[in-house]
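Below are some questions and answers for a reader meeting this structure for the first time. Each answer sets a value against the rule behind a word.

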2 protein chains.
Amino acid sequence: MMEYDAVIVGAGIIGLATAYQIKKQRPNDQILLIDKFSAAGQGNTAKSAAMFRCFFSSNTNLTLVNSTVEFFKHVQSLPTADLKLKYVGYLWLLSKKQYGTITPVLASMAQKNLEYSVFEGSELAERLNLRIAVTGNEEARMMGLKDVDKGILVPKAGSIDIDRLVQFYETEIRRMHVEIRYHTEAETILAEPQDSLGIPGEPLFWQESGVTGVDTSSGKIKAKKTIIAAGVWANSLLTKVGIYSSMEPLKRQLFSVKASTPELKQLLHTKGFNKRDSLPFTILPSPKVYMKPALEEEAFWFSYGDHFPRAYQLEEDPQPEENFYRYGIYQVASKYLPQFVGAHPSSSWAGQYALNTIDGQPVIFEQNNLIVVGSCSGSGNMKCDAIGRIAAALYAGEEYAQLYGNERFRVSDLGLKNRNVEPEKLII
Amino acid sequence: MMEYDAVIVGAGIIGLATAYQIKKQRPNDQILLIDKFSAAGQGNTAKSAAMFRCFFSSNTNLTLVNSTVEFFKHVQSLPTADLKLKYVGYLWLLSKKQYGTITPVLASMAQKNLEYSVFEGSELAERLNLRIAVTGNEEARMMGLKDVDKGILVPKAGSIDIDRLVQFYETEIRRMHVEIRYHTEAETILAEPQDSLGIPGEPLFWQESGVTGVDTSSGKIKAKKTIIAAGVWANSLLTKVGIYSSMEPLKRQLFSVKASTPELKQLLHTKGFNKRDSLPFTILPSPKVYMKPALEEEAFWFSYGDHFPRAYQLEEDPQPEENFYRYGIYQVASKYLPQFVGAHPSSSWAGQYALNTIDGQPVIFEQNNLIVVGSCSGSGNMKCDAIGRIAAALYAGEEYAQLYGNERFRVSDLGLKNRNVEPEKLII
């Protein structure tokens with residue numbers, strides 16, 4: 001049987017970026033990328049809101065996102081690819097208390113030359129027809145909503161078309177002769193002794209053993225290194241061989257509401273926040289319901305990142321919950337933005353994060369010839385280039401990865417043993 | 001419906017110790033302890049080797065075990081309970097390289113007044129009929145076994161009868177009027193809004209919500225605090241409400257070999273290592289196969305704590321694997337101790353650890369009115385009293401727990417957020 005240099009499980013954005021970086025750095029290595037779906041990026045990659053922001057308190061996040069967005073800019077500049085990169089900005093609406101808490105964080109971010117501007121509530125009220133004094137409403141009070149005091153606008157933030165990014169990667173890795181097999185589901189990680197003696201129950205605990213590939217729906221695949229980039233599906237493979245990766249699947253839902261009235265159209269095309277005269281990606285104070293301007297479809301995408309008592313539970317086909325919009329998102333959003341009163345979603349979908357329950361940042365480590373790349377916690381898209389490079393550096397046995405723009409990143413910082421990540425204070 | 005002050009899920013050693021300490025400290029609180037089995041301690045508690053050692057490099061481990069063993073001594077001194085506490089000691093057999101690595105650890109442990117003595121390999125060879133130069137044997141060489149250079153004997157270490165400890169706790173908590181219900185399996189953790197409005201899908205994300213009890217095989221139980229002490233079964237409850245506890249179930253097997261020959265009898269009753277003239281609990285160099293002198297049944301209990309590629313996977317009725325003894329433990333043990341050549345287990349069983357995959361130490365934290373006590377990683381028995389006290393302190397909202405012997409322990413040190421545990425260097 002042919003032995004590949006590496007088999008990569010998962011052709012989502014992380015598996016693609018990893019395959020791309022490994023093959024670029026090691027053009028002679030035989031790389032195989034497999035996925036259970038019929039094409040690349042068909043799992044949770046396709047379901048994301050595909051937003052990015054170069055605005056984090058944690059240096060780890062900042063470095064990963066910043067270099068990836070610079071890479072997006074580079075790709076966008078190529079004649080062959082249009083990622084539909086749009087700098088619509090992020091607009092964080094904050095209560096007085098929230099603004100007080102966030103001020104020191106903002107100050108330290110200003111020192112890192114992270115640009116932002118502060119808007120008074122009253123100005124936002126006028127520009128967006130935003131109701132800032134929601135607590136005058138009894139229902140809003142009962143719901144625990146807070147009045148808007150200020151808004152923070154972050155310009156280096158926006159959206160890409162994730163399908164285009166997937167296409168870019170797939171085209172490139174095919175061009176470089178990475179072999180791709182779809183409809184091929186990894187079922188088991190192969191663990192074998194270094195020197196088999198043909199004894200029953202091998203590998204026995206006194207034998208040196210390691211991962212030698214994967215068994216799939218279309219047979220065994222042998223490889224020197226096995227790379228698991230399977231997102232929420234990773235654990236069902238990893239736990240079977242006792243490899244721990246700190247990941248839980250967490251459902252997220254998106255609801256698309258058409259800008260079907262003049263008031264909503266006006267909101268979607270609010271002038272003055274960015275060059276596109278678009279509403280920025282907007283985050284309400286608390287609960288932090290957020291909405292994305294989906295300009296191509298003249299719509300707003302709504303979501304909310306809920307936690308307790310939302311289950312950690314792998315679902316093959318997670319479904320959006322009507323009540324989550326109707327009694328959750330709608331109730332919150334329409335209090336601040338009465339333009340949405342009576343608005344219903346025209347479509348909705350749900351996916352799952354691979355949440356790193358420890359610190360919400362990606363995990364990249366090697367154990368027994370197996371490399372795990374994942375737990376991206378919902379920000380895999382905006383970090384994909386950096387993550388691919390770090391995984392490729394680990395594959396090549398290097399201590400540092402060279403990120404786009406030449407910044408160096410210590411590979412072990414995202415590992416499990418000598419993990420070194422800064423906690424993030426600016427979470428949506 | 002009656003609301004308890006606390007419902008404790010799991011009457012294993014940790015649930016029992018927690019119930020005992022809470023009720024001792026808060027005699028007026030209404031406490032209910034439930035378990036799916038027909039009696040206390042019928043899960044993995046019953047399957048343990050029931051050993052203890054007051055010999056760890058980590059202060060965390062040392063404090064938890066030392067105070068618990070002092071508590072065992074106290075219980076043993078009562079006229080009502082005989083835990084069959086036996087100080088047989090731990091004997092670690094070490095290769096030259098291992099001894100070199102462990103010397104600085106031993107030096108720092110000597111500074112903590114932890115007693116131990118060092119034996120030369122040659123002396124152990126004589127006393128135990130131990131083959132110390134195993135690498136003369138080609139098979140042993142191929143298996144990667146190492147010659148024995150030294151042995152470390154730790155006297156404050158031994159065994160208890162875990163069933164007796166379970167009985168002690170059960171008798172005591174019944175006497176104090178803790179209510180106990182067996183055959184009662186927790187199926188779901190109840191998560192409810194603080195103020196229900198009767199809206200579909202409650203708790204909605206904008207509502208304040210928390211855990212209000214458990215739904216069981218015999219109906220709902222309401223409680224101000226819900227305490228999950230369900231060992232390997234905890235996660236199936238916790239993940240359904242998105243509470244993460246850093247735990248994976250890991251199978252462990254024990255094989256009992258009768259001392260059926262004069263040579264094995266002599267080994268079991270080796271003189272001079274302890275007052276009982278018993279073989280100490282003995283750990284072979286590498287792989288660290290270990291054996292316990294099971295004096296009541298004139299037998300040795302063998303085991304080995306294997307990892308990769310052993311699965312993390314909850315099993316209701318884990319079974320010992322014949323090949324694990326035959327091609328694993330037996331092959332290793334009989335190379336060092338030829339007395340075992342031809343010896344077969346007369347019985348065997350398997351259980352599961354609740355392994356803390358991050359640092360191998362217990363986890364005790366509160367979230368949304370739910371307290372999690374677990375992830376004891378196979379040393380719950382020897383730490384149970386301390387763990388019960390720390391859980392009771394958390395329940396009472398105290399910053400510190402008072403351990404047996406009056407040492408104080410900061411409750412948050414075993415939590416997830418401000419966790420502060422020392423890594424352990426002396427792992428079997």
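Q: What makes K251(A), R252(A), D306(A), R310(A) and E321(A) a network?
A: These five residues of the predicted model are linked by salt bridges. A salt bridge is a side-chain nitrogen of Lys or Arg within 4 Å of a carboxyl oxygen of Asp or Glu.

Q: Why is the pair D5(A) and K224(A) called a salt bridge?
A: The closest N and O atoms of D5(A) and K224(A) are 3.2 Å apart, and the rule asks for within 4 Å, so the pair counts. D5(A) is in strand β1 (residues 3-9) and K224(A) in strand β11 (residues 219-228) of chain A, 219 residues apart, and the pair links distant parts of the chain. Helices (H or I, at least four residues) and strands (E, at least two) are DSSP runs, numbered from the N terminus.

Q: Why is D5(A) called buried, and why is K224(A) called partly exposed?
A: Buried means under 20% relative accessible area, exposed over 50%, and partly exposed in between (1.4 Å probe, protein chains only). D5(A) has 16%, so D5(A) is buried. K224(A) has 45%, so K224(A) is partly exposed.

Q: What makes R174(A) and E170(A) a salt bridge, and where do they lie?
A: Their side chains meet at 3.1 Å, N to O. Both lie in helix α6 (residues 162-175) of chain A, 4 residues apart, about one turn of the helix. An α-helix has 3.6 residues a turn, so residues three or four places apart point the same way. R174(A) has a relative accessible area of 42%, and is therefore partly exposed.

Q: Which salt bridge joins D306(B), and are its two residues buried or exposed?
A: D306(B) and R310(B) meet at 2.9 Å, N to O. Both residues are buried. Over all chains, the structure holds 44 salt bridges.

Q: How do you know that the buried residues of α4(A) line one face of the helix?
A: The buried residues of helix α4 (residues 121-128) of chain A are G121(A), L124(A), A125(A) and L128(A). Seen down the axis, they fall within an arc of 105°, so they line one face. The arc is that of the directions from the helix axis to the C-beta atoms. The face turned away from the buried side carries the exposed residues S122(A) and E126(A).

Q: What covers the buried residues of α4(A), and what follows the helix?
A: The cover includes β4 (90-94), β5 (117-120), β6 (150-154) and α8 (262-268) of chain A. N129(A), with a positive phi near 50°, follows α4(A).

Q: What makes residues of chain B and chain A count as in contact, and how many do?
A: Contact means heavy atoms within 4.5 Å. 41 residues of chain B are in contact with 41 residues of chain A.

Q: How much area do the two chains bury?
A: Chain B and chain A bury about 3300 Å² between them, 73% of it on carbon and sulfur atoms. Buried area is the accessible area (1.4 Å probe) that two parts lose on being put together, summed over both. In chain B, F205(B), W206(B) and F308(B) lose the most area to chain A, together 27% of what that side buries.

Q: How many salt bridges does the rule find across the interface of chain B and chain A?
A: The rule finds 0 salt bridges there.

Q: Where does P200(A) lie, and why is P200(A) called partly exposed?
A: P200(A) is in the loop between β9 (186-193) and β10 (209-216) of chain A. Its relative accessibility is 38%, so P200(A) counts as partly exposed. Leaving aside neighbours within four places in sequence, P200(A) is in contact with N323(B) and Y327(B).

Q: Why is T239(B) called buried?
A: T239(B) has a relative accessible area of 17%, so T239(B) is buried. T239(B) lies in the loop between α7 (234-238) and β12 (248-258) of chain B. Beyond neighbours within four places in sequence, T239(B) is in contact with E248(A), A311(A) and Y312(A).

Conventions: Residues numbered from 1 in each chain as written. Chains lettered and ligands numbered in written order. Predicted model: local features only at pLDDT ≥ 70, side-chain atom pairs only at ≥ 80, totals over all residues. Heavy atoms only, no water.
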